[in-house]
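Subject: A structure to look through

Dear colleague,

I am handing over the structure below, and I would be grateful if you kept it open while you read the notes that follow it.

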Number of protein chains: 2
Amino acid sequence: MQSTKPPSGTRDFLPEDIRRREYVIGTVRRVYERYGFEPLETPAFENIETLLGKYGEEGNKLIFKILKRGEHEASGEADLALRYDLTVPLARVVAQYQNELPKFFKRYQIQPVWRADRPAKGRFREFFQCDIDSIGSTSAVVEVEQLAAVSEVLTTLGFVDFKIRINHRQELPALLAQHFAIHEPPKQAEALITLDKLDKIGPEGVADELEKRQLTTRAQALQGLKDAATRAVPESLAAMIQLCLGTPAANHLLFDPFLARGLSYYTGAIMEISVPDLAGSLGGGGRYDNLVGMFLGRDVPACGFSLGLERIIVVMTERGMFPASVAGGNADVMVTIWNDGSRSDALMLAGELRSGGLRVDVYPEPDKLGKQFKYASSRSVPFVAIVGDDERANGMVSVKDMKNGEQQTIARAEAANYIASRVRAS
Amino acid sequence: MQSTKPPSGTRDFLPEDIRRREYVIGTVRRVYERYGFEPLETPAFENIETLLGKYGEEGNKLIFKILKRGEHEASGEADLALRYDLTVPLARVVAQYQNELPKFFKRYQIQPVWRADRPAKGRFREFFQCDIDSIGSTSAVVEVEQLAAVSEVLTTLGFVDFKIRINHRQELPALLAQHFAIHEPPKQAEALITLDKLDKIGPEGVADELEKRQLTTRAQALQGLKDAATRAVPESLAAMIQLCLGTPAANHLLFDPFLARGLSYYTGAIMEISVPDLAGSLGGGGRYDNLVGMFLGRDVPACGFSLGLERIIVVMTERGMFPASVAGGNADVMVTIWNDGSRSDALMLAGELRSGGLRVDVYPEPDKLGKQFKYASSRSVPFVAIVGDDERANGMVSVKDMKNGEQQTIARAEAANYIASRVRAS
């Protein structure tokens with residue numbers, strides 16, 4: 001017998017999982033649309049050259065590669081690769097359709113990405129990103145609109161305690177030089193990898209690691225961390241923070257001089273959202289004014305923000321933030337089958353009820369009525385419709401309320417309205 | 001410079017493409033939910049053994065294979081493969097979650113599948129299927145509910161002229177024996193491949209091919225085709241057709257004794273939907289009572305129907321069936337930036353208008369107003385909001401109707417309602 005599990009690091013989403021996902025995705029989409037972002041989707045795979053060399057050495061290793069088809073299959077050569085993020089495909093799209101897209105292209109994209117990471121709690125090989133990106137302007141209005149949009153997404157979902165840490169990529173060399181006496185760019189890059197872990201390993205851990213990497217002494221590192229923490233908000237961010245004041249992002253912003261963000265393509269403001277009860281971030285982003293140039297030959301300013309669907313769902317589930325209506329079950333009413341000869345009439349009744357906007361299941365077999373009731377109950381279907389010989393002769397339908405077991409017989413023409421009003425009331 | 005095209009056989013979906021897709025997907029989903037089907041999603045890739053051997057020899061060749069990661073990469077070995085259809089993953093899911101799923105599991109699944117087919121007009125390597133499947137019952141009610149559901153999907157989208165051809169897989173051996181004198185199962189299987197092309201190549205073409213394959217003579221084939229066309233509806237389908245009479249499928253059904261359907265896993269009723277102006281089908285399905293058994297070790301009855309999203313969109317686009325509202329543009333109103341100092345106020349105004357449910361874009365830079373108007377016009381944004389020095393001093397907003405150029409100055413507190421009512425009226 002074959003294994004029936006999904007591949008390592010991936011998941012099957014059963015109906016109640018999908019309903020939670022759709023609730024979040026629907027909210028994300030509505031808010032992004034209200035901010036003037038337009039939908040975009042790109043293929044699940046890209047030509048392999050499109051992805052290689054964009055995510056650093058570590059990223060390269062995590063790209064899933066697809067075997068060349070046909071006669072080349074035996075060679076083991078790969079010519080395609082699964083989408084690793086939504087930013088590089090966007091940069092390709094901006095270059096490809098430059099004459100069709102508006103000058104200030106604002107797009108959202110909600111699609112899965114794949115990374116051959118070692119699966120762990122909360123780390124999957126297939127996961128969804130919800131990205132917004134704004135192409136074509138260097139104005140801080142772009143960053144502010146994105147911060148406002150993601151804040152409104154989270155607020156709409158019920159988050160109140162999220163923090164958005166912001167920094168500016170070009171402040172980091174000065175910080176490392178002034179407070180840690182690390183001056184050479186390669187050493188600075190190495191130091192940033194360590195600094196980026198401050199949240200996880202704390203000042204002591206960072207100091208230990210910086211010393212171990214021979215970038216500075218432990219004592220100097222600890223002093224540097226202490227001094228740098230009181231740095232004033234840099235000029236490059238002050239205007240942006242000011243502009244956020246009248247937006248949904250206002251009370252969530254926090255200048256963090258140590259925020260570094262892993263991806264190497266950032267060039268300006270960088271930002272990251274977190275909540276107290278989740279290690280790692282709910283999302284992040286920043287300005288990347290050079291990436292499109294790798295496809296287009298001339299630089300185009302760009303800024304983006306990505307929310308992680310799975311992490312949002314994890315926190316919402318743990319905190320019980322999903323409204324009860326999300327677990328809305330599969331049907332409002334189940335039509336029973338009285339006997340073999342009444343199947344056609346049962347299907348017609350189902351059609352009448354559906355025309356009234358109801359979600360209707362039909363029990364497929366002429367089992368004993370008790371068995372059919374039991375099935376409806378096990379499925380949490382709130383109402384069951386029965387047309388027995390009497391009801392049929394009189395143009396009536398019996399409607400059983402599965403919560404209290406009460407049964408009402410009503411005119412068939414009224415059945416859809418009657419059940420719909422009962423469903424709305426419950 | 002790198003290529004910026006999407007990989008061969010795949011497409012990027014720009015905003016207006018996505019809007020058309022979402023319109024169709026939304027309709028499909030709503031109708032399927034009204035029929036009591038529940039959403040399911042499975043990973044983009046499966047363990048390679050899950051897919052191999054399920055789609056026949058031809059299918060095996062078209063499966064995209066993913067290279068094993070890490071140290072095994074150099075071996076060229078593949079351990080994962082991209083989803084080829086939605087039916088085999090469902091069969092795996094039914095086996096894996098047998099204790100969690102209801103006895104009569106009815107699911108819908110709308111996801112892309114990938115096939116390494118030679119790309120051609122209307123044939124892609126990445127395309128979406130919209131499937132419904134019902135697990136657990138052999139009752140004809142299952143087929144009828146599915147035929148009703150897909151008919152209601154198409155009717156809701158505006159199709160009136162579709163035909164659903166139906167046949168029964170177990171009628172085909174008798175047909176081949178009686179009318180073509182083809183008796184041995186392997187020869188019958190070969191003949192079915194030819195018969196399946198009747199739509200495309202006509203009776204003459206089929207007769208030629210059957211003779212060429214040495215399965216029968218040209219003359220006997222033509223006579224057989226003529227005789228078999230008048231076959232009576234078989235017992236195995238009569239009840240099903242009868243049950244469809246009161247459903248949305250009623251006027252679309254057509255018994256087709258030559259319908260064969262390619263996939264080998266069908267065991268009972270088979271069906272296929274077509275419209276006059278599209279070669280090939282809009283969708284199809286059938287009963288497959290043995291497939292789940294390949295994963296579970298015991299057979300479970302099942303029946304499914306798949307609609308092809310791309311083909312539906314092709315026909316709807318060619319016929320102009322999309323309502324005008326689908327091309328609804330990116331924003332209801334664009335907020336202009338008067339000057340650098342008014343950026344913050346412009347962002348606040350955008351927030352106020354969004355709170356009124358409007359989709360609002362903000363022009364990012366303090367360009368000349370004429371340039372900003374021109375941009376809004378090029379983007380088909382119907383209204384533009386301006387807060388100049390006068391408006392600001394008096395708590396007013398000027399709203400310009402981009403269609404007729406008229407401008408109205410109104411109280412800022414009324415702006416959202418005013419624009420919303422104008423948008424609704426247009």
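Please bear in mind from the outset that this is a predicted model, and that everything below was computed from it.

As background, two copies of a chain are related by a rotation about an axis and a shift along it.

Where the copies touch, 80 residues of chain A and 80 residues of chain B take part in the contact. On the side of chain A that touches chain B, helix α13 (residues 343-355) of chain A supplies the largest share, which is 6 residues. Sorted by class, that side of chain A has 38 nonpolar, 20 polar and 22 charged residues. Because 100% of the interface residues of chain A are also interface residues in chain B, the copies meet through the same surface.

Within chain A, the domain assignment gives domain 1 (15-44 + 83-324) and domain 2 (330-425), and the centres of these two domains, taken over C-alpha atoms, are separated by 51 Å.

Further along chain A there is a run of paired strands that you can trace by eye. Strand β14 (residues 383-386) of chain A runs antiparallel to strand β15 (residues 396-401) of chain A, with 4 bridges joining them, and the bridge partner of A:Phe383 in β15(A) is A:Asp401. On to the next strand, 5 bridges join β15(A) to strand β16 (residues 407-411) of chain A, again in an antiparallel arrangement, and here A:Met396 stands opposite A:Ala411. β15(A) and β16(A) form a hairpin with 5 residues between them, and in its turn A:Gly405 has a positive phi of about 75°.

Strand β9 (residues 269-274) of chain B deserves a careful look, since 6 of its 6 residues are buried, so it is largely enclosed by the rest of the structure. In a regular strand the side chains alternate between the two faces of the sheet. Both faces of β9(B) are covered, with B:Ala269, B:Met271 and B:Ile273 buried on one side and B:Ile270, B:Glu272 and B:Ser274 buried on the other. Strand β7 (residues 163-168) of chain B is joined to β9(B) by 6 bridges and runs antiparallel to it, with B:Ile166 bridging to B:Met271. β9(B) is also joined by 4 bridges to strand β10 (residues 283-287) of chain B, likewise antiparallel, and in this pair B:Glu272 has B:Gly284 as its bridge partner.

Finally, helix α4 (residues 87-96) of chain B is mostly covered, as 9 of its 10 residues are buried, including B:Val88, B:Leu90, B:Arg92 and B:Val94. The buried residues of α4(B) pack against a number of elements of chain B, among them β5 (105-114), β6 (126-135) and β11 (302-308).

With best wishes

Note on methods:
Residues numbered from 1 in each chain as written. Chains lettered and ligands numbered in written order. Predicted model: local features only at pLDDT ≥ 70, side-chain atom pairs only at ≥ 80, totals over all residues. Pairing = 2+ DSSP bridges. Helix = DSSP H or I, 4+ residues; strand = E, 2+ residues; numbered from the N terminus. Contact = placed C-beta atoms within 7 Å. Nonpolar A, V, L, I, M, F, W, Y, C, P; charged D, E, K, R; others polar. Buried ≥ 20, exposed ≤ 12 C-beta atoms within 10 Å, placed from the backbone. Domains from an automatic or database assignment.
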